[in-house]
Amino acid sequence: MSRDSASLVEAGVEAGLRPGLYSLRRRQPVEKLLDHGFRYLTMALAGLVATLLLGILLTVFSGAREAIAAFGARFLTSSAWDPVNEQYGAFTAIYGTLVSSLLALLIAVPLGVGTAIFITEDLIPQSLRDAIGLMVELLAAIPSVVLGLWAIFVMEPAIRPLLQLSHKLLGWTPFFASVPQGPGMAPAVVILVVMILPIITAIARDALNQVPIELRQGAYGVGTTRWGAIFSVILPAAISAIVGGVMLALGRAMGETMAVTMIIGNALNFSVSLLAPANTIASMLANQFGEADGIQVSALMYAALILMLLTFTVNVAAQWIVRRLSLRY
Amino acid sequence: MTYQTSGMPSNRPAAAGQSGRFDRGSLFFDPGLGRNRFNRLCTTISGLFATTAVLPLVLVLLYVLIQGGRLITPSLFTQLPPAPGMEGGGIGNAMLGTLLVTLIGSLLAIPIGVGGGIYLSEYDRQGWFSQVVRFSNDVLAGVPSIVSGVFVYGLIVSTRIFFGQSYSAMAGGIALAVLMLPTVIKTTDEGLKLVPQELRWGAFGVGASRFVTIMRVVLPAAFTPIATGVVLAIARAAGETAPLIFTALFSPFWPEGIFNPIASMSVLIYNFAIMPYAPQNQLAWAASFVLVMMILAANLLARWISRFTRS
């Protein structure tokens, strides 16, 4: 550095400039130290994120080791949850996690995408569309525990007659076999729909807004109707981002804890009926972790590990889909 | 024969009748056509879906306002919660606790998150290290909030790392920081990337070092998006319950320092909602009212900040 600046000065002299006319300031050691120090500090902070993720995995895994050794793969298929005899299996919770989130997705996807279309098309005035968009976004801001409170005291009593009707009409199928008596899988699915709807709507809305206007103009130009354009041009163009958003919502639904815990009934025994109390991994953790000791803690950590792997798979799949499915237009 | 591209609606049947050969291809809008019926059906359905999507927010807000709003009294903010089944009392300790735990979480997550975001955007945009960090950050954002609680329980609560204390406000704050961190990093990274490259060149051109450029030029230019993300992260953390129920636990007393269990509004709502006593349920509604108002206010604040984005 110093030789470079010296030669620069010489070059200046050769070019006919007097040496005193300009000066090249050398950076002070303190300044250099600060500059490099800051770089390494931020690098360490960034590295902390990766470390943190690894730390979470290791902590949960080491907590679960005892249970993994004791129960092995049987843990996934056994529905015994017996603290007295120290026999644990998470099938009920895994089944509940998957069924509740998939059912919620089944309802929330048409609702969310339909809403997103409604507020990206020019069917109603812009101000009204903005208002709907804002309200859906604010719904995402309501804490889960408040939604749970609302579900216990308002939503569940309100939909109970409907559930009873479904039991009366469809009670012969195993899925509606039990009499609805408050908390259960069905109200949990409803509250999950409320919770993931904003995610799906927001992502679908952004994806639809990013479809180039030329595609729409082309579709209208060849004489299609509005919904013809939506179904055969605009939705296919936006599908990768929408599917990615749906997968993100699935991950969120599987990990959702408080509202589900408060309304699902936290049943320890397995039931295939949607009207009966059930359990998810997250709600089982929320419910039992505080009072557990010994191998039960380890079994719960094992369940947490499974939940982490489930959400991890879904989230990575979401990123992969967004990258692979995106149409080139 | 001439096509009438713009005619009175009353002319339409006559025109359509005259041109027998063009019955199917008439240029006039025919509401009876299959595709037009389908169009109207779809519009109606999407309108209904949008109404359904808005309904839960309206209903939740309505109930929180009605059930919680009528319980707002000065003593709610200054008193401790009553013993189970007893009337009266307040949620003063829980409000203080929520503020304290969220503050601890913010103090941890914001410096780490902004610093990490600066590295990703300013020092190493495309390198393998940044790719690993970005991927980890995305995965971390998808980790369920309850798992963050389990992590802090395993790392801090069960090991009694802080002066032999198990459950503590500090542990709760750390669990919240784990949840806030991905949002803060992501918004910092993206916010800094939006700063035009010319600003950095300008700063380097007048002889500023990297550090000075970042601190005096780049960060101030990206203040708006970063502040928006940070406020949203804080608002989300303030309403979180799952990471707190077995880290910060709950306490019926006033906060006793950051190394003791502490009450928080979200855990209070959870505990009191599932109690079979009406007075406790009432307090849960009142706490919901205060919490929802705080969080909505923070969200509106974030929107207001984001309006200052330079175009």
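Good morning. The contact between the two chains takes 72 residues from chain A and 69 residues from chain B, where two residues are in contact if their C-beta atoms, placed from the backbone, lie within 7 Å. On the side of chain A that touches chain B, helix α2 (residues 29-71) of chain A gives the most, with 20 residues; helices are DSSP runs of H or I, at least four residues, numbered from the N terminus.

This is a predicted model, in which local features need pLDDT of at least 70, side-chain atom pairs count only at pLDDT 80 or more, and totals for chains, interfaces and linings use all residues. Residues are numbered from 1 along each chain as its sequence is written, while chains are lettered from A and ligands numbered from 1 in the order in which they are written.

I turn now to chain B. Helix α4(B) has 32 residues and reaches 45 Å from its first C-alpha to its last, close to the 46 Å expected, that is, 1.5 Å times one less than its number of residues. Of those 32 residues, 23 are buried, meaning that 20 or more other C-beta atoms lie within 10 Å of the residue's own.

Where is Gly117(B) placed? It is in helix α4 (residues 92-123) of chain B. Gly117(B) counts as buried because 29 other C-beta atoms lie within 10 Å. Beyond its neighbours within four places in sequence, Gly117(B) is in contact with Ile185(B), Thr188(B), Asp189(B) and Leu192(B). Leu181(B) is 64 residues from Gly117(B) in sequence, yet the two are 10 Å apart in space, C-alpha to C-alpha.

Definitions and conventions. Helix = DSSP H or I, 4+ residues; strand = E, 2+ residues; numbered from the N terminus. Buried ≥ 20, exposed ≤ 12 C-beta atoms within 10 Å, placed from the backbone.
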